[in-house]
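Subject: Structure for your review

Dear colleague,

Please find the structure below, handed over for your use. My findings follow it.

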Amino acid sequence: MPWDELKPRKFVAFEKDLDGISKQTMEDHYKLYEGYAKKANECRRRLNEFDYADIEGNQVFSELRAVSVDYTFALLGYKNHDLYFGHLGGDGGDPEGRFAEIVDQEFNGVDKWSNAVKKAASAARGWVMVGYDLNDGSLFNYIMDTQNLWAVYNMVPVLAIDVYEHAYVRDFGATPDGRKQYVEAFFRNLDWDHVNRQLRQAEAAKEGADRTGLQEEHTVGA
Ligand SMILES: [Fe+2]
């Protein structure tokens with residue numbers, strides 16, 4: 001399927017009063033998301049239009065390099081916020097469903113996962129992603145210092161905490177304690193059904209890939 005322009009989506013979270021995260025913070029935050037969509041489209045368009053027979057490919061500085069790198073910043077800025085806004089607007093509470101089942105095994109207790117992800121949110125400079133690994137089926141907390149740094153291949157984000165200051169400074173202040181209060185508020189507004197839907201899709205993708213792999217082995221062996 002050829003590339004198509006990204007379009008900012010509408011989210012349920014913007015029709016509700018969140019607990020602790022103000023409407024003004026959300027509205028300002030949405031403008032950043034719109035900006036990421038616009039710039040991702042602009043970079044991708046330029047990457048499609050370059051004359052690759054003539055363009056300079058220089059690792060120190062070149063237009064191709066600059067646009068390629070900034071494209072990942074813009075694109076992941078769009079994708080990360082898509083998940084972040086998508087799973088706000090819920091009732092919070094303890095992890096539920098399949099997500100709770102997996103982290104219970106992975107972290108030897110849901111409470112231990114909860115402590116781990118909150119500490120990760122204090123240690124990250126940009127994002128914490130709870131991601132499902134398509135290779136081994138595990139869930140793990142990944143720290144990202146910017147939206148395009150430290151992403152791991154075949155990891156599908158199912159829960160995304162934005163810990164950039166723009167997500168909380170208006171409501172909680174720019175201190176480490178303010179960030180902790182914001183992370184608590186984030187979890188009070190999290191929609192676990194949305195998280196579990198993301199997880200179901202990731203598990204289905206792994207099952208499909210595993211089945212295809214088995215079929216190929218069978219065909220090769222036959
Ligand atoms: Fe953000």
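The notes below take the sheet, the core, the helices and some single residues in turn.

Please bear in mind throughout that this is a predicted model.

The sheet

Three strands make up an open sheet, arranged in the order β2-β1-β3, with antiparallel pairing. The edges are formed by β2 and β3 (155–162), each of which pairs on one side only. From one strand to the next, the twist averages 30°.

Strand β1 (residues 127–133) pairs with strand β2 (residues 139–144) in the antiparallel sense, over six bridges. Within this pairing, valine 130 has asparagine 141 of β2 as its bridge partner. The two strands β1 and β2 form a hairpin with five residues between them, and glycine 137, which lies in the turn, has a positive phi of about 75°.

On the other pairing, β1 and β3 run antiparallel and are joined by seven bridges. Strand β3 is mostly covered, six of its eight residues being buried.

As a general point for viewing the strands, side chains in a regular strand alternate between the two faces of the sheet.

The core

The largest nonpolar core comprises 61 residues. The residues with the most contacts inside this core are Phe99, Trp113, Leu139, Leu159, Ile161, Tyr182 and Phe187. Helix α2 gives the most to the core, with nine residues.

Which residues does phenylalanine 99 touch, not counting residues up to four places away in sequence? They are Trp113, Val130, Leu139, Val158, Leu159, Trp192, Val195, Asn196 and Leu199. Among these, Leu139 and Leu159 also belong to the residues with the most contacts inside the core.

The pair of helices α1 and α2

Two packed helices are described by the angle between their axes and the distance between the axes. Here, the axes of α1 and α2 come within 8 Å and cross at roughly 140°. This crossing of α1 and α2 is left-handed. Sorted by class, the residues in the contact of α1 with α2 are 17 nonpolar, four polar and six charged.

Serine 62 is found in the loop between α1 (23–49) and α2 (63–86). Is serine 62 buried or exposed? Serine 62 is classed as buried because its relative accessible area is 1%, and the cut-off for buried is under 20%. Apart from neighbours within four places in sequence, serine 62 is in contact with Glu56 and Gly57.

Two residues with positive phi

Asparagine 108 has a positive phi of about 55°, although it is not a glycine. Its place is the loop between α3 and α4 (110–123). Asparagine 108 counts as exposed because its relative accessible area is 63%, and exposed means over 50%.

Tryptophan 150, also a residue other than glycine, has a positive phi near 80°. Tryptophan 150 lies in the loop between β2 and β3. With a relative accessible area of 48%, tryptophan 150 is partly exposed.

Yours sincerely

Conventions. Residues are numbered from 1 along each chain as its sequence is written. This is a predicted model: local features need pLDDT of at least 70, side-chain atom pairs count only at pLDDT 80 or more; totals for chains, interfaces and linings use all residues. Side-chain values use heavy atoms; hydrogens and water are left out. Helices (H or I, at least four residues) and strands (E, at least two) are DSSP runs, numbered from the N terminus. Buried means under 20% relative accessible area, exposed over 50%, partly exposed in between (1.4 Å probe, protein chains only). Contact means heavy atoms within 4.5 Å. Two strands pair if DSSP finds at least two bridges between them. Axes are lines fitted to C-alpha atoms, for helices over the stretch in contact, and angles run from 0 to 180 degrees between N-to-C directions. A nonpolar core is a set of buried Ala, Val, Leu, Ile, Met, Phe, Trp, Tyr and Cys residues joined through side-chain atoms within 4.5 Å. A crossing is left-handed if the near helix is turned anticlockwise from the far one by less than a right angle, and right-handed if clockwise. Ala, Val, Leu, Ile, Met, Phe, Trp, Tyr, Cys and Pro count as nonpolar, Asp, Glu, Lys and Arg as charged, and the others, Gly among them, as polar.
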